[in-house]
Amino acid sequence: MNSNRFQFKRVGMLIGRAFQQKDKTMRNTALVLAALPICHFLIAILASGKGPSLDNRGNMLTFWIGAFFILSPFIFYNLYNHPKKGLPEVMLPASVLEKFVAMQVTCIIVFPLMVFLFLGGGDALLTTLFPSYQSGYAIAYFFNNKVTEETFLILFLTMQAVFFCNLLFVRRKLLLTIVSFVIVNSLLSIFLVTTTSVTESLGYFDAISDDVHVDVIEGGLFEIFKEENPLVVSGFLFKLFMVVVLPIIFMISSYKLMKTKRY
């Protein structure tokens, strides 16, 4: 009989099972990722006689890491809540929490790591073998220039929203997710524009002196404690809600969906 206590061993087995179930997809994905830097390298050589710039290679690595990070729920768990094809997942001898943790770890860490290993590794191999054609490493460029707290939090929010939509919708998941994103973003934009216009018309912006320059978007999460202006504080609170509170809400909602799903 299986213990009801949370076990990391079962989480590891669930992660391994996810890869085993998608073994063909994983092999094809690994081959494509490994081929990308080679194709990029050959095209650049044929076009200009020299390898692609470090900036281009770093941007390509960044794009694919972000894409895999966001779309991983669709790739691995698109059938989880299917009325018939999702039954094997429900019947697995593991708790809902263990399944949820395994799914999160796979989407957040394991799958994006493939991009580092195969695309980033292929780039590093080409740089090592042909230093006269291309210099620098895309992985180093990524960590030095692209990895920021702001970027990660936005990607994490987007991935958790996709994760939730993947569990919420049964069919046409990608289409319904895109439609949902468009509707929510449109409503949010209308709300922000309306709120800003009303606030400005009431003269609240007059309280901000000309020598105050605060970038809420680029500011740290806890810059709020350094500000006294209510409008600036409101901006930081909104940012805190979007990049910290909202992802947690999505995670809790996803777990609730998994726990209450009936087949």
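Trainee: Why is the crossing of H1 and H5 called right-handed?

Mentor: The crossing of H1 and H5 is right-handed because of a convention: a crossing is left-handed if the near helix is turned anticlockwise from the far one by less than a right angle, and right-handed if clockwise. Please bear in mind that this is a predicted model, in which local features need pLDDT of at least 70 and side-chain atom pairs count only at pLDDT 80 or more, while totals for chains, interfaces and linings use all residues. Residues are numbered from 1 along each chain as its sequence is written, and side-chain values use heavy atoms, with hydrogens and water left out.

Trainee: What makes a stretch of the chain count as a helix, and how many helices are there?

Mentor: Helices (H or I, at least four residues) and strands (E, at least two) are DSSP runs, numbered from the N terminus. By that definition the protein chain has 9 helices and 0 strands, and its order of elements reads α-α-α-α-α-α-α-α-α.

Trainee: Which geometric class do H1 and H5 belong to, and why?

Mentor: Two packed helices are described by the angle between their axes and the distance between the axes. The axes are lines fitted to C-alpha atoms, for helices over the stretch in contact, and angles run from 0 to 180 degrees between N-to-C directions. Angles under 35 degrees count as roughly parallel, over 145 as roughly antiparallel, 65 to 115 as roughly perpendicular and the rest as oblique. H1 and H5 pack at about 55°, with their axes 9 Å apart. That angle falls among the rest, and H1 and H5 are therefore oblique to each other.

Trainee: Why are H3 and H5 placed in the class they are given?

Mentor: Helix H3 (residues 54-77) packs on H5 at an angle of about 150°, with the axes 9 Å apart. The value is over the antiparallel cut-off, and H3 and H5 are therefore roughly antiparallel to each other. The crossing of H3 with H5 is right-handed.

Trainee: What class results for H5 and H7?

Mentor: Helix H5 (residues 96-129) and helix H7 (residues 149-168) pack at about 130°, and their axes are 12 Å apart. This angle makes H5 oblique to H7. The crossing of H5 and H7 is right-handed.

Trainee: How do you know that Glu-98 and Arg-10 form a salt bridge?

Mentor: A salt bridge is a side-chain nitrogen of Lys or Arg within 4 Å of a carboxyl oxygen of Asp or Glu. The closest N and O atoms of Glu-98 and Arg-10 are 2.9 Å apart, so the pair meets the definition. This pair links distant parts of the chain, with Glu-98 in helix H5 and Arg-10 in helix H1 (residues 8-21), 88 residues apart. The structure holds 4 salt bridges.

Trainee: What makes Glu-150 and Lys-239 count as buried?

Mentor: Buried means under 20% relative accessible area, exposed over 50%, and partly exposed in between (1.4 Å probe, protein chains only). Glu-150 has 16% relative accessibility and therefore counts as buried; Lys-239, at 8%, also counts as buried. Their side chains meet in a salt bridge (3.1 Å, N to O). Glu-150 in helix H7 and Lys-239 in helix H9 (residues 230-260) are 89 residues apart, and the pair links distant parts of the chain. Of the 263 residues of the protein chain, 36% count as buried.

Trainee: Is Met-103 buried or exposed, and why?

Mentor: Met-103 has a relative accessible area of 3%, and is therefore buried. Met-103 is found in helix H5.

Trainee: What makes Leu-175 part of a nonpolar patch?

Mentor: Patches are made of residues with over 30% relative accessible area and no salt bridge: like charges are joined within 9 Å, nonpolar side chains (Val, Leu, Ile, Met, Phe, Trp, Tyr) within 5 Å. Leu-175, at 51% relative accessibility, counts as exposed, and lies in helix H8 (residues 173-201). Leu-175, Val-179, Ile-183, Leu-187 and Ile-190 form the patch on the surface, with about 470 Å² of accessible area together. Accessible areas come from the Shrake-Rupley method with a 1.4 Å probe; for residues, only the protein chains shown count as cover.
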